[in-house]
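This report goes through a single chain, from selected side chains to overall fold and surface.

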Amino acid sequence: MDSEINKAIKLRENGDLKESNKMFSELVKNYPDNAYVNYQYAWSCDVLGTEKEAVIFYERAISLGLTGKDLEEAFLGLGSTYRALGEYEDSKRIFQKGIDLFPENKAIQVFYSMTLYNLKEYSAAMEILLSCLTETTVDADIINFKKAITFYSDKLNERF
């Protein structure tokens, strides 16, 4: 099984998305209770634009006990997929759980802010984005104004 998984991943990395997806489809049929196989198939569906199908397999991978970096990326993939499908409340729920489990993952936070934007929670979305920006940037100009950006991040509608 491992060699088949590695081959399918290599196909995806080389841009042969349909063949990779076909292999993962077979793998998930043969190993339906394997969390990693379900995760890889979900990812494969996602990159092909078949998000509705991806959801089922992301959910299954998580419920089957996916761990580590793969679990972290599955939360990001599932939350992003729900957002792309317009299922913003489900996206929000998944991202909140992902942030609880992986509070240092800035990518999850940025994607979460996109969901908040879609839910018209503009202030919260901007606060998260500005926080991620000031915590991760190496840009000297932004660093020079980090204190001010941080101060205003949760006061965007206030006048002084």
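## Charged pairs and rings in an all-helix chain

Lys29 has a relative accessibility of 57% and therefore counts as exposed, since the cut-off is over 50%. The model in which this value was computed is a predicted one. The side chain of Lys29 meets that of Glu26 in a salt bridge, with 3.6 Å from N to O. Both residues belong to helix H2, which covers residues 17-30, and they sit three residues apart, or about one turn of the helix. Glu26, at 41% relative accessibility, is partly exposed.

Glu13 is exposed, at 55% relative accessibility.

What does the pair of Glu135 and Lys106 link? The side chains of these two residues meet in a salt bridge with an N to O distance of 2.3 Å. The pair connects distant parts of the chain: Glu135 lies in helix H8 (residues 122-136) and Lys106 in helix H7 (residues 106-118), 29 residues apart. Glu135 is partly exposed at a relative accessible area of 47%. Lys106 is also partly exposed, at 21% relative accessibility; the value is not under 20%, so Lys106 does not count as buried.

| Salt bridge | N to O distance |
|---|---|
| Lys29 and Glu26 | 3.6 Å |
| Glu135 and Lys106 | 2.3 Å |

Over the whole structure, the search finds seven salt bridges. Side chains of opposite charge can pair when their charged atoms come close. The chain carries 19 positive and 26 negative side chains, and the centres of these two sets are 3 Å apart.

Between H7 and H8 there is a loop, and Lys120 is placed in it. The phi angle of Lys120 is near 65°, which is a positive value in a residue other than glycine. Is Lys120 buried or exposed? At 60% relative accessibility, Lys120 counts as exposed.

The aromatic rings come next. The structure holds nine aromatic pairs. One of them joins Tyr152 and Phe160, with 5.6 Å from centre to centre and 70° between the planes. The pair is classed as edge-to-face because the angle is over 60 degrees. Tyr152 is partly exposed at 39% relative accessibility, whereas Phe160 is exposed at 66%. Elsewhere, ring pairs connect Tyr36, Tyr39 and Trp43 into a cluster.

The remaining values describe the chain as a whole. The C-alpha trace spans about 65 × 30 × 25 Å along its principal axes. Of the 160 residues, 38% are buried. Among contacts between residues at least 6 apart in sequence, 42% join residues at least 24 apart. The accessible surface of the chain is about 9400 Å², and carbon and sulfur atoms account for 53% of that area.

Methods: Residues numbered from 1 in each chain as written. Predicted model: local features only at pLDDT ≥ 70, side-chain atom pairs only at ≥ 80, totals over all residues. Heavy atoms only, no water. Buried < 20%, exposed > 50% of the residue type's maximum accessible area, 1.4 Å probe, protein only. Contact = heavy atoms within 4.5 Å. Areas by Shrake-Rupley, 256 points an atom, 1.4 Å probe, with all protein chains shown as cover. Lys, Arg positive; Asp, Glu negative; His and termini not counted. Charge placed at Lys NZ, Arg CZ, Asp CG, Glu CD. Salt bridge = Lys/Arg side-chain N within 4 Å of Asp/Glu carboxyl O. Helix = DSSP H or I, 4+ residues; strand = E, 2+ residues; numbered from the N terminus. Phe/Tyr/Trp six-rings, centres within 6.5 Å; stacked < 30°, edge-to-face > 60°.
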